[in-house]
Amino acid sequence: MSRSVPNHGTQESLFGPEEKPAKHDGLFAEVAFDRSFEGSLNGPLTYIVPKELEKNVRIGQRVAAPLGRKNEEVGFLVGLKTEVTDRDYRKIIRIIDLEPLIDDHLLRLTEWMAEYYLCSWGQVLASVIPTGAANNSVPRGTWVYEALDGLYTENQKLTSAQIKIREVLRQATEPLSLKELLARSSVGSSPVDSLVKRGLVLKRQEAGNRPIEPLDTQPPQLTEDQQSVFRQILVLINQGGFKPILLRGVTGSGKTEVYLQAIQDILARGLQALVLVPEISLTPQTVARFQGRCGETAVLHSNLSPAERGRYWRRVASGEAGVAVGARSAIFAPARKLGLIIVDEEHEGSFKQENTPRYHARDVAVMRARMLDIPVILGSATPSLESWNNAQKGHYQLMEMTRRVLNLPMPKVDLIDLRYQPAPKGETRAISQPLAFGIQEALKANGQVLLLLNRRGWAPQVLCPKCGKVIHCQFCDVPMTYHRGENKLRCHHCAFSHNYEIKCEKCGTETLIFRGIGTERLVEELTAKFPGRVIRRMDSDTVRKPGTSQLIQDAFRKGMIDILVGTQMIAKGLDFPNVQLVGVIHADIGLQQPDFRAGERTFQLLAQVAGRAGRKEKNGRVLVQTYQPEHPSILLASKHDFLGFSKYELEHRKLLGYPPFQRMARIVVRGLVDQEAVDFADQIGRMARNAHVQEAQTDKSAFRVLGPAPAPIARIENHFRHHIQFQSDSPNLLHRILRRLGMVKPPTGRLEMVIDVDPQSIL
Ligand code: ADP
Ligand code: ZN
């Protein structure tokens, strides 16, 4: 089998001059390596399959082969061909997996991704195939070790060997076997034992995937909306073929029930289904519901150990699990008989991966469905404008559910204009009087309160009142956030943190000012205002430990928490029946971002969080504090008016040539030396313009280069960042030009170029 491979490199240059590989007629393998796109190592390279391996090589296996100066590197076997050639090739050394890890369809999908997202095929494969997929991860029953956090106090003296062991375990992404642990920390086993005895390290047996009790739910009587949508979906399933569906269903309209019934239909046909959800809504309740109705369900999320992930991967591949549910990377679940793909909350930014390969799982889902010729359902209360535009143009079939289940009304949203609610002099406060009153009322009526503040920490800025200096990260061009619990200043863009010093480092002034309010400070204010109430916080600081997010959600659902404060993670897809009041502390935060999607994101966030109110009874209420009550994103979200918002925003985007009207890409050049980054970005910018002049002779599509310019965050982790933005009518033209730029090798190893196709963030 031979493939058309983009970007073949010049292989000759990879051979050491003294080597003279033998000529060969017989079987050749194409091997894709996890190497970057820059320069010449792009597509798969051809190798000789030695006679003794011919019987066992299969496409989709990993193999070891010499690469460049390295004697041996692991790559993916992506093609086999028989031919006679007089070219010189090197030989495959050995086969790593006897069984292929990936089938032909997923190979084609990853090949498309490499071309579309402009990275190497090997990079895509390496990121798509879980390390535990090969059946050689720690077997069930093996003793493994994990760090136990939170129990250690400074006065528990540890030996240096013990400290080292804890360090290794903390840094490990998975529980380690004793052998692995000792190898990594190069100590003997007795300090490990004493740590286990003292309760500072957890020793347990690898148990296999944690079972989730299936929840046996009887299908409810479908609402009219649900029934009509379900029928339309059945018609499309029966017709067969690639059928992209956009399901716009308001919050609480019962989209999940429609998914469940569609999946049951698919399973009855002997096929499999794949469901993508945002990470946070992957609750045990959701999974149990799927298990109860759809039988064995594989759950793929980021907190699985490689062994667990691998087991699920194989259950899906063998067909034992009929359904796979998961976050972004679940789109690659190796279902061999896939009949339906569902992407819930398709507008979610978290479906875009922000490192190579920079894919958008929703778009990959649509491509996967297209390659397999099957239906795909994109569901949301607030569809992305890309999907909405596709539906308007008839590329996607639009289905709508405009009413909530059980005849529940949409919750009433009131805007609180903060310009008329000044805080008492000298006081920083987050909660205005009307909001405080609303909270009081809801609590009095035994309801629960959900408060959204999309900013973690105690105060987002610390400044000196005398010289005006705001404390910035040493490595990034952003202010440090004060975290009171740990009394630390933290950078939210890199790992840098330091203990809080009361003195201004510039002028020595001893009283610094905290500016702004984060979730931590909000909890403090609430504790003072509502004594005796249980108030908890859910943001990426409090849910860092796997499982914590579940604990908080469960406690809230059971009524053990009165007020739950959180960042955007509390806005997504959660179903808490007893929420009587949803409060938004500062609706304008996101609008300040220099990103053309800021308005869309704000609208989505507000509409989604408002949708958490009144999901069981008719008295759900939403109070939104804002300085810009007349801003369309805020005003229209308060009226649950998606149609009005999309109309307004699309007109705006059309004028400026932004997506969905034009395609966009972005190149970021990063470097330790600013001038080098500037020069390289200039060079790329010039090349882009020249490339366009040439392309324009045959392709007259609109094309625009913006920049180079310093990125909105001009320095992250000590790397200076300059970006160039591209917009075009024609995705093909855009790709041809980007492909040329992608081949440019940075002049020094200190520079890096990142290409982002369909960028979600342009900071
Ligand atoms: P959405 O995802 O559209 O916001 P959900 O799927 O979470 O809505 O459903 C909201 C709630 O309504 C859930 O608790 C669900 O169990 C319930 N529900 C769904 N369909 C029905 C129905 N036909 N009758 C009664 N309750 C339903
Ligand atoms: Zn930083």
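**Rings and helices in a predicted model**

W388, F603, F642 and F645 form one aromatic cluster.

Colleague: Hello! What should I keep in mind about this model?

Modeller: This is a predicted model, where local features need pLDDT of at least 70 and side-chain atom pairs count only at pLDDT 80 or more. Residues are numbered from 1 along each chain as its sequence is written, and side-chain values use heavy atoms, with hydrogens and water left out.

Colleague: How many aromatic pairs does a search of the whole structure find?

Modeller: The search gives 18 aromatic pairs. Rings of Phe, Tyr and Trp (its six-membered ring) pair if their centres lie within 6.5 Å; planes under 30 degrees apart count as stacked, over 60 as edge-to-face and the rest as tilted.

Colleague: Why is the pair of F556 and F576 called edge-to-face?

Modeller: The ring centres of F556 and F576 are 4.9 Å apart and the planes stand at 85°, so the pair is edge-to-face. This pair links distant parts of the chain, 20 residues apart: F556 lies in helix 14 (residues 548–557), and F576 in the loop between strand 24 (563–566) and strand 25 (579–584). Helices (H or I, at least four residues) and strands (E, at least two) are DSSP runs, numbered from the N terminus.

Colleague: What makes F556 count as buried?

Modeller: Buried means under 20% relative accessible area, exposed over 50%, partly exposed in between (1.4 Å probe, protein chains only). F556 has 0% relative accessibility, so F556 counts as buried. F576, at 1%, counts as buried too.

Colleague: And why is the pair of F596 and Y658 called stacked?

Modeller: Here the planes of F596 and Y658 are at 5° and the centres 4.4 Å apart, so the pair is stacked. F596 and Y658 are 62 residues apart, and both are buried.

Colleague: Which residues make the contact?

Modeller: Helix 1 brings L107, T110, E111, M113 and A114, while helix 2 brings W121, V124, L125 and V128. Contact means heavy atoms within 4.5 Å.

Methods
Chains are lettered from A and ligands numbered from 1 in the order in which they are written.
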